[in-house]
Amino acid sequence: MGTWQLLLVGLVMLLGLLGVVTPGVPGPLIVWAGVLWWSTTDQSALAWAVLAGATGVLLLEQAVSWLLPPRRLRGAGITRRAFLVAGLAGIAGFFVLPVLGAVPGFVGGLYGVERQRLGGHGAAWASTRNVMRALGTSVLVELFACLLVVGGWIGVVAWG
């Protein structure tokens, strides 16, 4: 697989990661499609193993998401911009502090936007807790699963 095609696969996966925090866009499906595209083009045993692992992780994420409360963006009192900033901070956190940084990045990004909007620590922290209870947990689970898949793909591509 050429460099340009790898770059395009990476861009598809980035689009999927952004789709996780954008309502109505099937982020995990787009990430999985990127892995499928790469594995069918590469056709090595390792590529098929990554596809199988990605499928397992994303199916497990779907099962866990069904157990969590449904997302209600309007009832949580959060803007789409705040949610997008939180998602981008979670993605950045994943790469700054590999794997574990996604959670503090997401929550920290959400808190930062809420602090700027509300003006104080107490109100921002209360709003952040409210949002995490209402919809943040299910989005965080979905984002973390997609980041694990993308991180595994990056590791395999960089390794060999």
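Leu 148 lies in helix α7, where helices are DSSP runs of H or I with at least four residues, strands are runs of E with at least two, and both are numbered from the N terminus. The model is predicted, so local features need pLDDT of at least 70 and side-chain atom pairs count only at pLDDT 80 or more, while totals for chains, interfaces and linings use all residues. Residues are numbered from 1 along each chain as its sequence is written, and side-chain values use heavy atoms, with hydrogens and water left out.

Leu 148 is partly exposed, with a relative accessible area of 35%. In this scheme buried means under 20% relative accessible area, exposed over 50%, and partly exposed in between, using a 1.4 Å probe and protein chains only. Apart from neighbours within four places in sequence, Leu 148 contacts Phe 94 and Val 99; contact means heavy atoms within 4.5 Å.

Residues up to four places away in sequence being left out, Val 156 touches Trp 38, Leu 46 and Val 50. Val 156 and Gln 116 are 40 residues apart in sequence, and their C-alpha atoms are 39 Å apart in space.

Helix α5 covers residues 80-96 and helix α6 covers residues 102-118; their axes come within 7 Å and cross at roughly 145 degrees. Axes here are lines fitted to C-alpha atoms, for helices over the stretch in contact, and angles run from 0 to 180 degrees between N-to-C directions. The crossing of α5 and α6 is right-handed: a crossing is right-handed if the near helix is turned clockwise from the far one by less than a right angle, and left-handed if anticlockwise.

On the α5 side the contact includes Arg 81, Phe 83, Ala 86, Gly 90 and Phe 94, and on the α6 side the residues include Ala 102, Phe 106, Gly 109, Val 113 and Glu 114. By class, the contact of α5 with α6 holds 10 nonpolar, 6 polar and 2 charged residues. Ala, Val, Leu, Ile, Met, Phe, Trp, Tyr, Cys and Pro count as nonpolar, Asp, Glu, Lys and Arg as charged, and the others, Gly among them, as polar.

The axes of α6 and α7 come within 9 Å and cross at roughly 145 degrees. This crossing of α6 and α7 is right-handed. The contact of α6 with α7 has 17 nonpolar, 4 polar and 3 charged residues.

**Aromatic pairs**

The whole structure contains 4 aromatic pairs. Rings of Phe, Tyr and Trp (its six-membered ring) pair if their centres lie within 6.5 Å; planes under 30 degrees apart count as stacked, over 60 as edge-to-face and the rest as tilted. Two of the pairs are tabulated here.

| Pair | Geometry | Centre to centre | Angle between planes |
|---|---|---|---|
| Phe 83 and Phe 106 | edge-to-face | 6.1 Å | 85 degrees |
| Tyr 111 and Trp 125 | edge-to-face | 6.0 Å | 70 degrees |

Phe 83 in helix α5 and Phe 106 in helix α6 are 23 residues apart, and their pair links distant parts of the chain. Phe 83 is buried at 4% relative accessibility, and Phe 106 is buried at 0%. Tyr 111 lies in helix α6 and Trp 125 in helix α7 (residues 121-159), so their pair ties together parts 14 residues apart in sequence. Tyr 111 is buried, with a relative accessible area of 18%, whereas Trp 125 is partly exposed at 37%.

**Loop residues**

Leu 100 is in the loop between α5 and α6 and is exposed at 62% relative accessibility. The C-alpha atoms of Leu 100 and Phe 144 are separated by 9.1 Å, with the two residues 44 apart along the chain.

Gln 43 lies in the loop between α2 (27-42) and α3 (45-67). Gln 43 is exposed, with a relative accessible area of 57%. Although not a glycine, Gln 43 has a positive phi of about 55 degrees. Most residues other than glycine have a negative phi.

**Annotated spans**

An unreviewed UniProt entry places the feature "transmembrane region" at residues 47-69, 81-103 and 139-159. UniProt positions are given in the numbering used here, feature names are shortened, and annotations may be inferred rather than shown by experiment. Residues 81-103 are 78% helix and 0% strand, and their end C-alpha atoms lie 18 Å apart. Residues 139-159 are 100% helix and 0% strand, with end C-alpha atoms 30 Å apart.
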